Amino acid sequence: FPIQIAEVYKSFLPGFYALRDVSLVLKQGEILGLIGPNGAGKSTLFNIVSNYLSPTSGEIKYNGKFLDQIPEFYDQTGLCAQDDIIWPELSVDQHLNFYAHLKGVDTSVVQEWKELMGLAGFGNFSSINLSTGMKRKLCYIISMMSNPKYKFLDEPTSGLDPVSRK
């Protein structure tokens with residue numbers, strides 16, 4: 001199994017566990033959806049697997065090796081976290097050009113994504129002036145523009161109108 005999660009615990013305060021003894025494996029090409037009530041630990045597990053948080057205890061492995069020993073895993077990963085991770089002072093184009101440069105993505109691909117997601121006319125807009133849905137679209141483009149092998153999507157359609165969700 002390429003991705004193995006074994007006995008993961010996450011405590012934010014002494015005695016309070018957001019995750020307790022979570023174990024699962026993912027096969028090649030498998031898709032996993034986590035469904036549950038608010039506060040169940042879905043985003044916490046997502047953030048641990050995507051290396052945004054560290055577990056209090058437990059193991060996360062990729063092809064039998066600990067994830068923190070395989071930095072190239074994250075070169076193949078797209079992350080669209082539940083919270084928009086953008087800089088308010090940067091424009092849409094500045095965000096996209098920055099991440100495209102980091103990920104080696106051609107500007108024509110970025111333009112295609114902007115058109116597909118309805119942001120083509122908003123390149124010069126500061127991200128602080130974008131609506132909630134437009135910020136979400138920007139984060140989604142950033143996470144998907146390089147066509148990553150592994151996609152971590154935490155509520156990627158929250159804040160989007162029904163047409164955009166489709």
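A disulfide is taken here as a pair of cysteine sulfur atoms within 2.5 Å. By this rule, the count for the structure comes to 0 disulfides. The structure is a predicted model, in which local features need pLDDT of at least 70 and side-chain atom pairs count only at pLDDT 80 or more, while totals for chains, interfaces and linings use all residues. Residues are numbered from 1 along each chain as its sequence is written, and side-chain values use heavy atoms, with hydrogens and water left out.

Cys80 is in no disulfide, and the nearest cysteine sulfur to it, that of Cys139, is 5.8 Å away. Cys139 likewise takes part in no disulfide, its nearest cysteine sulfur being that of Cys80. Burial is judged by relative accessible area, with a 1.4 Å probe and protein chains only: buried means under 20%, exposed over 50%, and partly exposed in between. Cys80 has a relative accessible area of 1% and is therefore buried, and Cys139, at 6%, is buried as well.

We turn next to the sheet. Strands (E, at least two residues) and helices (H or I, at least four) are DSSP runs, numbered from the N terminus, and two strands pair if DSSP finds at least two bridges between them. In general, strands of a sheet pair through backbone hydrogen bonds, either parallel or antiparallel. Here, 4 strands form an open sheet in the order β2-β1-β3-β4, with antiparallel pairing. Its edge strands, each pairing on one side only, are β2 (16-26) and β4. Strand β1 (residues 3-13) pairs with β2 in the antiparallel sense over 7 bridges. Within this pairing, Ser11 has Tyr17 of β2 as its bridge partner, and Gln4 stands opposite Val25 in β2. The hairpin of β1 and β2 has 2 residues between the strands, and Gly15 takes a positive phi near 85° there.

Strand β3 (residues 57-62) includes Ser57. With a relative accessible area of 33%, Ser57 is partly exposed. Counting contacts as heavy atoms within 4.5 Å, and leaving out residues up to four places away in sequence, Ser57 touches Glu7, Val8 and Tyr9.

Rings of Phe, Tyr and Trp (its six-membered ring) are paired if their centres lie within 6.5 Å; planes under 30 degrees apart count as stacked, over 60 as edge-to-face and the rest as tilted. A search of the whole structure finds 12 aromatic pairs. The rings of Tyr62 and Phe73 have centres 4.7 Å apart and planes at 55°, so this pair is tilted. It links distant parts of the chain, 11 residues apart: Tyr62 lies in strand β3, and Phe73 in the loop between β4 (65-66) and β5 (77-80). Tyr62 is buried, at 9% relative accessible area, as is Phe73, at 1%. Phe122 and Phe125 have ring centres 4.9 Å apart and planes at 70°, which means that they form an edge-to-face pair. Phe122 counts as partly exposed at 22% relative accessibility, and Phe125 counts as partly exposed at 37%. Ring pairs also join Phe46, Tyr62, Phe73, Tyr74, Tyr150 and Phe152 into a cluster.

Finally, a charge sits over a ring if NZ of Lys or CZ of Arg is within 6 Å of the ring centre and within 35 degrees of the ring normal. Lys61 lies over the face of Phe66, at 4.9 Å from the ring centre.
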